[in-house]
2 protein chains.
Amino acid sequence: MYDRLKGFKDFYPDEMAARREVVDTTEEVARRYGFREIATPALEDVGMYVDKSGEGIVDELYNFTDKGGREVALTPELTPTVARMVVAKQQALSKPIKWFSTRPFWRYEQVQQGRFREFYQTNVDIFGSAEPEADAEILAFAADTLSELGLPASEFEFRVSHRDILGELLRSFDEDVDVQEAIRAVDKSEKVDRAEYLGLLADAGLSIEDAEAFDDLLAAGNEDLDALLAEVDRPTLTDAVENLQAVLSAAEDFGVREHCRVSLRTARGLDYYTGVVFECFDTEDRVSRAIFGGGRYDDLIESFGGQPTPAVGVAPGVMNSTLPLLLQEAGVFPEEAVSTDYYVLTVGDTREVAARIARELRAAGNVVETDVSDRSFGAQMGYADSINAETVVIVGEQDLANDEVTVKEMESGDQTTAPVGEFPGDREQPRYEDFA
Amino acid sequence: MYDRLKGFKDFYPDEMAARREVVDTTEEVARRYGFREIATPALEDVGMYVDKSGEGIVDELYNFTDKGGREVALTPELTPTVARMVVAKQQALSKPIKWFSTRPFWRYEQVQQGRFREFYQTNVDIFGSAEPEADAEILAFAADTLSELGLPASEFEFRVSHRDILGELLRSFDEDVDVQEAIRAVDKSEKVDRAEYLGLLADAGLSIEDAEAFDDLLAAGNEDLDALLAEVDRPTLTDAVENLQAVLSAAEDFGVREHCRVSLRTARGLDYYTGVVFECFDTEDRVSRAIFGGGRYDDLIESFGGQPTPAVGVAPGVMNSTLPLLLQEAGVFPEEAVSTDYYVLTVGDTREVAARIARELRAAGNVVETDVSDRSFGAQMGYADSINAETVVIVGEQDLANDEVTVKEMESGDQTTAPVGEFPGDREQPRYEDFA
């Protein structure tokens, strides 16, 4: 007997049925917004990650040398791959480029509740627009997805921030501050205690006094972005605040403003983010971690050797991540059960007729099983029950002698006979009540 | 600029749109047969493959040592993984277990036309039935899938063989023949010249004379299985022939007999197959290799430490394998193009109304794009054309002053105005002709 690897998950049919609904809903909303599906490799040149994020990233990768001597890694995220794909066909692709895909990613991390080494995301990105409408469309897609998944509007919020507001506020205290390191400190602000947070800001080059004053500014900005501009007069800060306000204005028109709250302490961990960033949270606090996040990464395509191409995206986790956990907590996760329209049961030598009925019911789009195990009436009935068959069609030798089959409604147990020549006949979904 | 790894493929939206149709059709047919979707890890313990197939298999694997010291491999096929999953929940799962899934697999092989190192399959398996109906249902699923994909009935056939017929015929010449090696030779019989084929049989322990006589028996058996029994009298051979005939009889009832041809030289390469095996071929010979294959593997679950559990399955390649190639050659591959129901075009400060229209059209299930790039009328119109928009809704400041929008049918170029308050109104898909 072999074991599954630690941090990996097998999805059996009941679990998968529910997750398929979540993925289908997420993808359906993406399609309605005009995002187009792509598919991408599971392996990439490890340099793609190291060059962007430093050798440190290798600790979190499943990387190895392949049989051709290539240094490769299982993709830990999609963004570098789509950036590579945009660069490879930059001239041929009409802008904006709007892509989505659902697939697994892999990170060698500590396994904990709700965090797997193999996890699944639906990545949704827009390339080629620096306009606030692009940011707002990503937010609107995310809100529509959560609503379609059944989450009440009051139970989620997007905490929206802006990398350039953070950067400019930091520089207003000290032009030499390590902005990336300080932003990583802000990203941790909700996860560590205040002393540690201020210490991390100090490590990035702020004095403890400046760190406290900086954090006070973030809190003040959450209340009133214009007040921030009155406090700190820097042109780039003004631009950033105006950009964030323009995104919120577009979000208003796109019907998603009610879900957005300015939250400057929301920073996102990855270095490549540039403008607006956001994280989705459960307002009921049943799940304390971010549900998912996203934001702008306007410089990444150029750093991959492409034409300057602004970009913004979001990546809801599906299957085994925080989002299904939230849906479960909120009581809107789909039922973990398979469903079956018909079980066609054979008694005696009736395979030919049973097969004809199964074939016709399938041709009308129904989910239909029939006996492939040569089993008794009772065993077949038990199996039909185990697969939640709605209707059992009993094709018995005696009934057939009368040119009849028996139609049994499983929930009520009611049954009646139907002429075999009329089953299913023209009916797409013949049921007990059609013949009772 | 980074390069994609050799043997891997990026699927851009046009290519993906066609492949999504193929995958959806294949999965839809599987669902109608009552196969249930599962999802499985991309990495497994390398021992799972080595123990079954010997160290030689490692040459074809993407294998490595992970950061926890585990010897792991990217899954080269699904069968060992589903066998592991069946064993892990053997008691809880009601039989027959009928599973499907679509995902990539990885083999470090020579890259050639239509053969990638990352390739995609829809695996479809039945566990827990040794009856011929299970084999026939797998064949019927495969035939229905090809038919639903648009392939004419006369353009494909299943070459059906039986491992025990091959094994017993081999043993009738020499009880000490290496049956597995000889079967691998038979599997290569169509790919190498006759002298090499006979040489491979000789390597497995047959004399050249016996090898020729054995191959003559295969040819005779293709014509008349009963004649084979008259020629060679072995009880296990009789059982195997009767089993193959029973599968063909069930295939008759299941509507797939017309696609089946007895072809004893069809052997399949993998060692774990036991009973009926088959390969699908293009009868027009536009694609000379097998399109896909499958068969019985009744001993695998037990060899994985489970209760004895017969099994049979098939795995059509999708995305970048032989099947899409055949569909292309046959002229039934879906169009490689994205489709769009509406582009909502803004002229001037009309974002709020345009967004409302886009939102309502999306809520009715349409694919709708609108401007996220603050572009000119002409640029937007060019983009709408590039995404094959069927209808463009022009929301202009002047039209809005008259409470109107313009509805333009892109194919004809015809356009008319519609009252803004009635667009879309109650209509799910308002078109030019509704207002002209």
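What span should the 13 residues of helix 13 of chain A have at 1.5 Å a residue, and how far apart are its end C-alpha atoms? In this predicted model, helix 13 covers residues 351–363 of chain A.

The burial pattern of helix 13 of chain A was examined next. Its buried residues are Arg351(A), Ala354(A), Ala355(A), Ile357(A), Ala358(A), Leu361(A) and Arg362(A). Viewed down the helix axis, the buried residues fall within an arc of 160°, and therefore line one face of helix 13. An α-helix has 3.6 residues a turn, so residues three or four places apart point the same way. The face turned away from the buried side carries Glu352(A) and Ala363(A), which are exposed. Gly365(A) follows helix 13 of chain A. The phi of Gly365(A) is positive, near 95°.

Strand 13 of chain A spans residues 340–347 and includes Asp341(A). Is Asp341(A) buried or exposed? Its relative accessible area is 17%; the cut-off for burial is under 20%, so Asp341(A) counts as buried. Neighbours within four places in sequence were set aside for the contact list. Asp341(A) then contacts Asn366(A), Val367(A), Glu390(A), Thr391(A), Gln429(A) and Arg431(A).

The relation between the chains was then considered. Two copies of a chain are related by a rotation about an axis and a shift along it. Here a rotation of 180° with 0.0 Å of shift along its axis superposes chain A on chain B. The RMSD is 0.0 Å. The two copies are thus related as by a two-fold rotation axis. Of the residues of chain A, Phe64(A) comes closest to the rotation axis, with its C-alpha at 3.1 Å. The copies meet through the same surface, because 100% of the interface residues of chain A are also interface residues in chain B.

The interface brings 97 residues of chain A into contact with 99 residues of chain B. About 8,300 Å² is buried between chain A and chain B. Carbon and sulfur atoms give 56% of this area. Tyr2(A), Arg351(A) and Val372(A) supply 11% of the area that chain A buries against chain B, more than any other three residues. Arg351(A) is also one of the buried residues of helix 13. Across the interface of chain A and chain B, 14 salt bridges are found. Glu369(A) forms a salt bridge with Lys98(B). The closest N and O atoms of Glu369(A) and Lys98(B) are 3.4 Å apart.

Technical notes
Residues numbered from 1 in each chain as written. Chains lettered and ligands numbered in written order. Predicted model: local features only at pLDDT ≥ 70, side-chain atom pairs only at ≥ 80, totals over all residues. Heavy atoms only, no water. Helix = DSSP H or I, 4+ residues; strand = E, 2+ residues; numbered from the N terminus. Expected span 1.5 Å × (residues − 1). Buried < 20%, exposed > 50% of the residue type's maximum accessible area, 1.4 Å probe, protein only. Arc of directions from axis to C-beta. Least-squares fit on C-alpha atoms with pLDDT ≥ 70 in both. Contact = heavy atoms within 4.5 Å. Buried area = accessible area lost by both parts, 1.4 Å probe. Salt bridge = Lys/Arg side-chain N within 4 Å of Asp/Glu carboxyl O.
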